[in-house]
Amino acid sequence: MIFIMSSQWSLQRKAVAAPLQIAQTGADMDLLKWIKSLDDLLFELMSWLVFWPLTLLRTLIGPLKMMRYADAQLALPEEEQYSEALSPPVFLVATLLVSHLVSVALGQPDEIIESRKGLGALVSDDTTALAVRLALFSAFPLIFSVLLLLVRQRKIDRISLRLPFYAQCYPAAVFAAAMAVAAEIALLGIGPSGASGIATIAAMLWLVMVEARWMRAEQGLGWISACALALCGVLLAGTLVVTVTLVFV
């Protein structure tokens, strides 16, 4: 009788302990997954220190080559993509983030955060201000992607739009960096009078020439048609950015 009761008690203890062991195992697995995700995140962020300046330099020197690189990478399996550079959207985000950090380091107040007019009253932190700038500068790759699809007479959907949008993020990021430099020149009063305006015009001309060469290479357009289409895209995107910016500031 004592043996039977002892056996029953042992079975009951095992029955109680089993769920606890499973729960502990599950907690350990969750902890390992969290550590692994943290490891991946840390490596990804630290790799930006290497690949952001490399991607910036490569895009500045060979924008068309990087745009073709973006097209080629989307054809690869996801885990093999962009092993030699930042992906285009990440590069755009990182560029805007670096520009913002440089502005903060130089003691410049964020115009969107400081503004209390219009929709600017809803922006009270750096994260939201960065998101607004990302949406603004994303207008350039979006508009150029739509123009390219229209010229190709292709249906505009999420699949057809993704390929040109990714490619367009590379020159858009360099343009965003150049515009940030122009803004800092104006705010800090660096250089001769009109230096900020010259930097802005130079950035716009660079973007027009890159887009004209891209339209010519992708569509075989003549220089006049390609330049006209590129200029149209810059003006459309620029007008949209200025309009939305005025709403916020």
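This is a predicted model: local features need pLDDT of at least 70, side-chain atom pairs count only at pLDDT 80 or more; totals for chains, interfaces and linings use all residues.
## What an axis is here

An axis is a line fitted to C-alpha atoms, and for a helix it covers the stretch in contact.

## H2 meets H8

Start with helix H2, residues 63-73, and helix H8, residues 195-219. Their axes come within 10 Å and cross at roughly 55°. That makes H2 oblique to H8, and the crossing is right-handed.

So who's touching whom? On the H2 side, the contact uses Pro-63, Leu-64, Met-67, Arg-68 and Asp-71. H8 brings Trp-206, Val-210, Arg-213, Trp-214 and Ala-217. Sort the residues of this contact by class and you get seven nonpolar and three charged, with no polar ones.

## H6 meets H8

Now for helix H6, which covers residues 139-152. The axes of H6 and H8 come within 11 Å, crossing at roughly 30°. Angles under 35 degrees count as roughly parallel, so H6 and H8 are roughly parallel to each other. This crossing is right-handed.

From H6, the contact residues are Phe-140, Phe-144, Leu-147, Leu-148, Val-151 and Arg-152. From H8, they are Leu-207, Glu-211, Trp-214, Met-215, Glu-218 and Gln-219. The class count for H6 with H8 comes out as eight nonpolar, one polar and three charged.

## A residue to look for

Notes: Residues are numbered from 1 along each chain as its sequence is written. Side-chain values use heavy atoms; hydrogens and water are left out. Axes are lines fitted to C-alpha atoms, for helices over the stretch in contact, and angles run from 0 to 180 degrees between N-to-C directions. Helices (H or I, at least four residues) and strands (E, at least two) are DSSP runs, numbered from the N terminus. Angles under 35 degrees count as roughly parallel, over 145 as roughly antiparallel, 65 to 115 as roughly perpendicular and the rest as oblique. A crossing is left-handed if the near helix is turned anticlockwise from the far one by less than a right angle, and right-handed if clockwise. Contact means heavy atoms within 4.5 Å. Ala, Val, Leu, Ile, Met, Phe, Trp, Tyr, Cys and Pro count as nonpolar, Asp, Glu, Lys and Arg as charged, and the others, Gly among them, as polar.
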